[in-house]
Amino acid sequence: MPRKERRQKQKRKELIDAAKGSGLLTDWVRTSTADGQKESDRSEEETKMQSTTQEDRQGEGQQSEIKDTEMQSTQEDRQGEGQQSEIKDTEMQSTQEDRQGEGQQSEIKDTEMQSTQEDRQGEGQQSEINTMDENAEQQVREKPFIFLMDLPHPNDPAHVLQFNIKYDEAFIQNCVNQGPCQPELSFPKNEEGRSFQNKWYKSNPWLEYSPSLNSMFCFSCRVFLNEEKHMFRKSWKTIGLNRWNKALQKIKEHSGSESHMCAMVKWNTFQKKSLEAVLETGNLQSQAAKDKEKQRNREILSRLISITLYLARQGMSFRGDDETSGSLNRGNFLELVELFGKYDSVIKLHLDRLKETLDSNKRPLVSLLSNRTQNDIIKALGIAVRHAIKTEIEESELCSILIDETTDVSHMEQVSFVVRYVHNMQIKERFIQVCNIQSTSGEALENLVLDVLKENNLKMDNIRGQGYDGAANMRGHYKGLQARILRHNPKALYVHCQAHCLNLVLVESAKSNICFVTFFNLVEKLYAFIGNSSKRHTAFIEVQKGMQPHQRPVELQKLSDTRWACRERALKSLKKVLPAVMKFLENMTQESPPDPSAGDAAILLKNINFEFFLCLEITCPIFQVTTVASDALQQKDMDLAAAYKIVEGVLQTLEHCRSEEEFEEMYKKATEKAAAVGLDPTEEVSGHRRKRKVPAKFTAVGTGASDDHVFHTLKESYRAQVYYVFVDSITQELQKRFKGVDNATWEILNALHCLTVPENWTNATVPPKALQALKMLCQFYEIDDQEKLKTELKIIT
């Protein structure tokens, strides 16, 4: 074989053994080999380094992988030369023989470079000595650990010097991820027949072997021992050890060295940090998924809360009789959720997930649509509202409590608890809760009030008013609830509900005369007779249409048993359709055959007389005034001064009505309307009775029974015994209940009322009434300095 050809083959073997699977170096080797063969049919594109290798392979007829071609070529060369020894020994021996035969004593690298240059010069090529293209070199320098992944042993320590890799943070992380280079292969033997052993890995996990250099290294020292004081210790870091006869001794000495221990500590610390980083990344991903799920649930829950608020505000029921999936009406709550699902993507996705889970028989998801969830939402909203009310009461400091009793459908006695206070110059009344109670005695109600105040963090000392009805267990002077609360706080003034007082005034006035007792009973029976039967009600409507075809029929109203001020509407409607009522009753009595209720109709028709018309004319204008006053007294922003003004206005109206002129006008209207339906006043004077005969034993006595007053006309009788009695009864009840001495807080409230009059503060000197009110306030609030109270008291005029 020619010397030149043998030299090229030897050079190729050396480079292949050094590369050990490196794709870029193999390309360089094959390119150099092809250049040595001096092929004449290269195209212009062969000047590009990447395509050169592929075309060379085509020209040589090699279609296999680079690694297989290299190994096959190496084996053929070895067989042709008859070399069966180890790769490294063959390389060294062949190189020495060639050098001796040719007289060349230079280094292998110089010979390779010179041969390559001579070959390229002979072929007319001026390419670079290094056949790796610049792009590949830049990729190796920037991301060496990515490039090394394509090698058979990417964690080989020889690659660090071969590719000039720096131990930056990314490369260290890559080394730790791959671990020490511990290949399992047939290790080459040296001249003494010794080699590296696999069993050394087990007892020394830090030990690694470089197949390229046939040397062992310390992974921890190579990667983590980078301090300046250890920079000259290169045996275990960069050079490696291959004296296998002393390998065990060297391993034992190195494992006990200080530098190795420091490197191992750093390695363990780095692994721990990497593990923590991985766990933290996993935790972050898990937390992100949880946060996403929470956000989705919050969006769903916000819509369900809106539905709950809507139903609660409208006073509508939540549940349905049949809430199964096949029901046509599942209740207001679920039906609204279904309606939201048609237009809202969040609810639609939630419903689709529930349906999918139900169809697949998987573990059911939390639907947030059950009755327990609805109750929880209602309870949570109640807690939020109550907290807001507590905050406003704490900011206002002073407040009043309002309590009233009621009975639910199960006949359970309940007590409603309301707090009234002023917040940001606005009067507010807030319902707190409804409490079940077994007994309605004053003591039981007292314990209830104390428990509710304690539960809602309200202080008894901050209460300045208590408002209840007029029952004995409420307003009793000794054992009533107001008296018991006054023992805890003398400043908590008891105020009877003003609207309720007015209602009681009307109740008492209706009992003042038998005429009005009969009148209201007849009004109630007319409503019951006509309204309780659909047949009679339809006939009554037809009568109205026949008498007044161009007007809308009027319905009779029921008299309220508790709200007498609301009776004004019932009286007003009856006054408007009274002729039609009489016509309807008359038609029923004349039917043939007679109706079973014709007898009741005849009795009712007989009782509708002139006196009924007169009572209707008297009560309508007076009840109209009291209704307006009652509605005004029930306003939430009503204060004490306005309440007294309203009561004063009612008293003035009654005083104006108690005159002969007003009665003459009412009597005239009643006479005209009665005459229109064929009724005339009776000739008998109402209230006339036979004159009592005085016994004989009293004839000689100076003090005898006085003669009763005799009315000469019917008009005088009705004026004195009906009209004046009714008006005077209302006036006396108003004076008694609003300004009477039996009102325990009347004097203090009157003093406050005097202070609210702006005219009392216009002059430089305090009027006597205002001064008297100040003295009463000083005594009540136990203030000695009256001047201080006058300066601190702020009245908005």
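Is Lys-348 buried, partly exposed or exposed, and what is the relative accessible area of Lys-348? Lys-348 is partly exposed, with a relative accessible area of 42%; here buried means under 20% relative accessible area, exposed means over 50%, and partly exposed lies in between (1.4 Å probe, protein chains only). The structure is a predicted model, in which local features need pLDDT of at least 70, side-chain atom pairs count only at pLDDT 80 or more, and totals for chains, interfaces and linings use all residues. Residues are numbered from 1 along each chain as its sequence is written, and side-chain values use heavy atoms, with hydrogens and water left out.

The protein holds 33 helices and seven strands, where helices (H or I, at least four residues) and strands (E, at least two) are DSSP runs numbered from the N terminus. Of its 797 residues, 39% count as buried. The accessible surface amounts to about 48,200 Å², with 50% belonging to carbon and sulfur atoms; accessible areas come from the Shrake-Rupley method with a 1.4 Å probe, and for residues only the protein chains shown count as cover. Among contacts with a separation of 6 or more, 64% are between residues 24 or more positions apart, a contact being heavy atoms within 4.5 Å.

Salt bridges come next. Side chains of opposite charge can pair when their charged atoms come close. With a salt bridge defined as a side-chain nitrogen of Lys or Arg within 4 Å of a carboxyl oxygen of Asp or Glu, the count comes to 17. Lys-348 meets Asp-352 in one of them, at 3.2 Å from N to O. Both residues belong to helix α17 (residues 345–359) and stand four residues apart, about one turn of the helix. Asp-352, at 36% relative accessibility, is partly exposed.

Another salt bridge joins the side chains of Lys-428 and Glu-392 (3.3 Å, N to O). Lys-428 sits in strand β5 (residues 426–436) and Glu-392 in helix α18 (residues 371–396), so this pair ties together parts that are 36 residues apart in sequence. Both Lys-428 and Glu-392 are buried.

In a further case, the closest N and O atoms of Lys-575 and Glu-617 are 3.4 Å apart. Lys-575 is partly exposed at 28% relative accessibility, whereas Glu-617 is buried at 5%. Salt bridges with shared partners join Lys-575, Glu-617 and Lys-673 into one network.

Asp-156 lies in the loop between α8 (144–148) and α9 (158–162). Its side chain makes a polar contact of 2.6 Å with the side chain of Ser-210; a polar contact is a pair of N or O atoms within 3.5 Å, where within protein one must be able to donate a hydrogen and the other to accept it, and residues adjacent in sequence count only if both atoms are side-chain atoms. A polar atom of the Asp-156 side chain also lies 3.1 Å from the backbone nitrogen of Ala-158.
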